[in-house]
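Student: Before we discuss how residues are classified here, could you show me the model?

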Amino acid sequence: MSTSQEEQAEGNEEASISVGEGARDTPAMEETIEEALMASSAQTIKRLETELTEAKDRHVRLYAEFDNFRRRTAKESFELMSTANARLIGKLTEVLDNFQRAFDPKHKGASPEDVEKGFRLIYGRFRELLEEEGLEAIDPPQGALFDPNLHDAMLQQVSDTVPENHVLQTVQKGYKLKSKILTHAKVIVSQGKGN
């Protein structure tokens, strides 16, 4: 055996001795590692439980805040609507009072022209109050293009004067409040010239 081979063999023996000696310490070392891992796991579990509890608390608080916000908003909406209705109804009581005055027995002897004039005044004031609130009539003139967004076709008729798909006659006015359609105008639509 050469010198280098002998040195190598001695190094291997020392390594096996140190590994062998380390092997004797392994069960104690494993117990220490296990204990460290268990302690670390316990700390991790404790930390995660704390974080979970805090997250649940935040969730419950946020849900309660949202529920309170939703209730408050619904209540405010209802109050706003009630206030708007009360304001409009307050204005309409004027029309109601005018009708009561018109039906007063002391006006029984009034001429039909005076009665009509009184009713026209009441009607004018009533219409005025509704227009102030944003009510608009949808009353297409004869010959207007039929618009299904504003008009409701009752039927179609032949016409020599009004082109096809145009309003021949308005049967009943429609109404919109600002941009919302309340009722469509009921119209008769032209089919164009007959054969």
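Tutor: Start with Ser-159, which sits in the loop joining β2 (151–158) to β3 (167–172), strands being DSSP runs of E of at least two residues and helices runs of H or I of at least four, numbered from the N terminus. This is a predicted model, in which local features need pLDDT of at least 70 and side-chain atom pairs count only at pLDDT 80 or more, while totals for chains, interfaces and linings use all residues. Residues are numbered from 1 along each chain as its sequence is written, and side-chain values use heavy atoms, with hydrogens and water left out.

Student: Why is Ser-159 called buried?

Tutor: Buried means under 20% relative accessible area, exposed over 50%, and partly exposed in between, with a 1.4 Å probe and protein chains only; Ser-159 has 7% relative accessibility, so Ser-159 counts as buried.

Student: Which residues does Ser-159 touch, not counting those up to four places away in sequence?

Tutor: With contact meaning heavy atoms within 4.5 Å, Ser-159 touches Leu-168, Ser-190, Gly-192 and Lys-193.

Student: What makes Glu-133 buried?

Tutor: Glu-133, in the loop between α2 (112–132) and β1 (135–138), has a relative accessible area of 16%, and therefore counts as buried. Leaving aside neighbours within four places in sequence, Glu-133 is in contact with Arg-87, Leu-88, Lys-91, Leu-177 and Lys-178.

Student: Why is Val-115 called partly exposed?

Tutor: Val-115, which lies in helix α2, has 35% relative accessibility, so Val-115 counts as partly exposed. By contrast, the buried residues of α2 are Ile-122, Gly-124, Leu-129 and Leu-130.
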